Amino acid sequence: MAAVKSNLTEEAEQKLMQLLGYTKLSLLFKGSVHGFTVNAFHNKCDLQGPTLTVAYNKPGYIFGGYTSQSFNSGAGNYLHDENAFLFSIGLGQVDSKIIKIPTENAANAVYTANNSGINFGNGALHLIGAGTAVQSASNNVYKFEPIALHGNDLVLVECEVYRVESLGELLPTPWRKLSWTVEQRREYMDMVKNYTPFNLVPRIRVLLIGPVGVGKSSFFNSVNSVFRGHVTSQAIAGSASSSLTTKFRAYSIRDGREGKPLPVMLCDTMGLEEHTGTGIDTEDIVYILKGHVPENYQFNPSVSFNSDTLGYIKNPSLKDQIHCVAFVMDACKISILSPKLEEKLCAIRSKINMLGVPQIVLLTKVDEACPLVAENTENIYRSRYIESKIHAVGARLGIPVSCVMPVKNYSSEVDLEKSIDILLLAAIIQMQRFADNYLDNFCIYDEKFD
Ligand SMILES: Nc1nc2c(ncn2[C@@H]2O[C@H](COP(=O)(O)OP(=O)(O)OP(=O)(O)O)[C@@H](O)[C@H]2O)c(=O)[nH]1
Ligand SMILES: [Mg+2]
């Protein structure tokens, strides 16, 4: 028999994680497959430890309850549970709010019996008691607004019960090794400075592409800050509904105020938007990759760049081209990336692939995505949540996990922090390595065969 499939979307699962912490959900029971009966429920769900009941109704509400205790088929008893709660995760609702209603009477949190379905708080939420019909009313065990919890639609289209296994939020050991010392920071800075690209190219050019507001300009500002020794904001960064960056800029980074330019340039672009005629145009990206687009070109979403555009660089050389592309993605928004934007990103990827330019992903806002990383950047490779985001973004864009570099940009800090610098530098080093691979294609070796 084929495996029973969960109805939870990735977005719904992410919202449940916000309620439960980082957990593994294993589907035990599904009404439409096992039957909306008390017997079927007890057969699948008794003595399983903590469970999450997830109900779905026609208007699209996803709601239910959590208990840290096991259901059983005794003659009838209350499960004492201080951790039990009812929830609704906001899907199907106009204002999309997550609601969590902890029990106010732990002694009566859940009722279980051989002839009873899933009964939270003595009828506050009673499912699988009478097929697909739900009984629900606020009481002294759970106090809630029924309209907010499930829209008062008490017929289920589906009901699932998951076993909940807490995984702990931090891995015992990091899955990528990084040393967080001052020496490491110095070593990385030296690696970036002393890198020498193939000799026709004095500096590699890395193109930053990504949706609006993901932190493309902030990434340049942050790397620039590392080498300036204080937080800088040369590129305009901030929040707006459409891209704040409207011009093509190839930023060089100096080693200190009076220092030499580093052998890497970061090319900043306008943000991608899902609709055509808004945000950067896909064709413009191809012209940038080939080196035809001049510095300060003002992007125009309604007219593509072309050979008649003012400033068009007719015969670009290898040094004017892009040697590595970094897709910049917001860690908080991977699961809600719209299908249209995903399609656009894939179309851009296939154009870049045709030109053979290597690609990496910069995963930004890791501090906003995971409080443990916000607390300490050094938790980056121990956070299960960030690990799952790195895998998710790789899968979405079709880029191997080894090419995904998480970074935290300087956004609220006034002073530099060693660990933030180390992550930023690690990303630049990866870009240099990838650009080298690309430039190798243009090397003519003086090979001698014995
Ligand atoms: N917490 C946090 N905020 C960030 C990070 N990166 C960027 N931001 C914030 O996100 C907002 C947008 O950043 P920008 O650098 O302007 O993003 P962009 O991709 O250049 O945006 P457009 O040019 O408008 O397409 C700013 O308010 C930044 O401070 C990060 O790693 N963590
Ligand atoms: Mg920008």
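Author: Helices here are DSSP runs of H or I with at least four residues, and strands are DSSP runs of E with at least two, both numbered from the N terminus. This is a predicted model, in which local features need pLDDT of at least 70 and side-chain atom pairs count only at pLDDT 80 or more, whereas totals for chains, interfaces and linings use all residues. Residues are numbered from 1 along each chain as its sequence is written, and chains are lettered from A and ligands numbered from 1 in the order in which they are written.

Reader: How many helices and strands does the chain contain?

Author: The chain has 12 helices and 17 strands, and its C-alpha atoms fill a box of roughly 85 × 55 × 50 Å along the principal axes.

Reader: What makes a residue part of the shell around ligand 1, and which element gives the largest share?

Author: A residue is near a molecule if its C-beta atom, placed from the backbone, lies within 6 Å of it. The shell around ligand 1 holds 23 residues, of which G215, S218, A237, T245 and G271 are the closest. Two or more residues come from each of α6 (216-228) and α9 (366-369), and α6 supplies the largest share, three residues. By class, the shell has five nonpolar, 13 polar and five charged residues, where Ala, Val, Leu, Ile, Met, Phe, Trp, Tyr, Cys and Pro count as nonpolar, Asp, Glu, Lys and Arg as charged, and the others, Gly among them, as polar.

Reader: Why does A392 count as partly exposed?

Author: A residue is buried if 20 or more other C-beta atoms, placed from the backbone, lie within 10 Å of its own, exposed if 12 or fewer do, and partly exposed in between. A392 has 19 C-beta neighbours inside 10 Å, and therefore counts as partly exposed.

Reader: Which residues does A392 touch, and what makes a contact?

Author: Two residues are in contact if their C-beta atoms, placed from the backbone, lie within 7 Å. Leaving aside residues up to four places away in sequence, A392 touches I334 and S335, while A326 touches V206, L208, I360, L362 and M431.

Reader: What makes a set of residues a nonpolar core, and how many residues are in the largest one?

Author: Such a core is a set of buried Ala, Val, Leu, Ile, Met, Phe, Trp, Tyr and Cys residues joined through C-beta atoms within 7 Å. The largest has 73 residues, and V206, C324, A326, V361, L362, L363 and M431 touch the most other members. Helix α12 (residues 418-440) gives this core its largest share, 10 residues. A second, separate core of 41 residues includes F29, L79, I128 and L156.

Reader: Why is strand β16 called mostly covered, and which strand is joined to it?

Author: Six of the six residues of β16 (residues 359-364) are buried. In a regular strand the side chains alternate between the two faces of the sheet. In β16 both faces are covered, with Q359, V361 and L363 buried on one side and I360, L362 and T364 on the other. Strands pair if DSSP finds at least two bridges between them, and six bridges join β15 (residues 324-330) to β16, so the two count as paired, and they run parallel. D330 stands opposite T364 in β16.
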